[in-house]
Amino acid sequence: MVFLQYIGEIEKPMEQNASISIFDKGESAYDADEDFDFYIDKFYRDVNAFGLCPKKPSSIIIKFARLDQITNTAHVHAISYGKDNDSLIEIYINPSTWEKFNKPKRYFLMYHELAHDVLNLDDLDDTESNRGKLVYPAISTYERITMDDFIESYHALFEELVDN
Ligand SMILES: [Zn+2]
């Protein structure tokens with residue numbers, strides 16, 4: 001299994017149930033007080049507003065997980081396991097990342113992972129011209145981003161999807 005350095009998704013689609021061996025044995029993953037449902041509901045409202053209608057799966061798991069301890073890297077902020085599996089949303093967020101991120105970065109992070117998980121999108125290349133976009137892989141390096149930047153980035157992405 002390979003974790004990307006930044007917003008770390010698995011590079012290749014996971015084998016079915018592969019995540020269970022990591023997370024279902026307790027300690028590392030836990031339910032958050034954070035209302036992640038809020039982000040999911042908003043995400044679906046926003047894609048729908050653009051005329052995109054991805055199916056909302058009945059199985060939705062979004063939890064905190066101490067990804068840095070599991071993977072021995074301090075750079076893993078979030079993982080999506082539900083990519084290419086439309087009957088599942090499964091996302092783990094590093095609680096220390098969540099703590100550090102301000103409001104626009106949290107939105108970026110959640111929408112980034114949901115773009116993988118729900119829209120089955122890959123990360124863009126880590127190039128300067130992709131900076132600022134929602135599926136840019138190094139969101140954690142965004143500085144001074146605002147809610148307007150966030151809104152612009154998902155509008156641009158959803159518009160692109162509608163056009164294709
Ligand atoms: Zn990503």
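The largest nonpolar core of this predicted model has 31 residues, and Ile79, Ile91, Tyr92, Phe108 and Tyr111 touch the most other members. A nonpolar core here means a set of buried Ala, Val, Leu, Ile, Met, Phe, Trp, Tyr and Cys residues joined through C-beta atoms within 7 Å. A residue is buried if 20 or more other C-beta atoms lie within 10 Å of its own, exposed if 12 or fewer, and partly exposed in between, with C-beta atoms placed from the backbone.

A quick word on reading the model: residues are numbered from 1 along each chain as its sequence is written. Because the model is predicted, local features need pLDDT of at least 70 and side-chain atom pairs count only at pLDDT 80 or more, while totals for chains, interfaces and linings use all residues.

- At least two core residues come from each of α2 (36–49), β2 (59–65), β3 (78–80), β4 (88–93), α5 (103–117) and α6 (147–163).
- Helices (H or I, at least four residues) and strands (E, at least two) are DSSP runs, numbered from the N terminus.
- Helix α5 gives the largest share of this core, with seven residues.
- Leaving aside neighbours within four places in sequence, Tyr111 is in contact with Phe43, Leu134 and Tyr154; contact means that the C-beta atoms of two residues, placed from the backbone, lie within 7 Å.
- In soluble globular proteins, nonpolar side chains tend to be buried together.

**How the strands pair**

- Two strands pair if DSSP finds at least two bridges between them.
- Strands β2 and β4 run parallel and are joined by six bridges; Ser59 has Leu88 in β4 as its bridge partner, and Ile60 stands opposite Ile89 in β4.
- Strands β3 and β4 run antiparallel, with three bridges between them, and Ile79 has Tyr92 in β4 as its bridge partner.
- Strand β1 (residues 29–30) runs antiparallel to β2 through two bridges, and Ala29 stands opposite Ala65 in β2.
- Five of the six residues of β4 are buried, so β4 is largely enclosed by the rest of the structure.

**A loop residue to look at: Leu52**

- You will find Leu52 in the loop between α2 and β2.
- Leu52 is partly exposed because 14 other C-beta atoms lie within 10 Å.
- Leaving aside neighbours within four places in sequence, Leu52 is in contact with Val47, Phe158, Leu161 and Val162.
- Between Leu52 and Leu161 there are 109 residues of sequence separation, yet the two are 8.2 Å apart in space, C-alpha to C-alpha.
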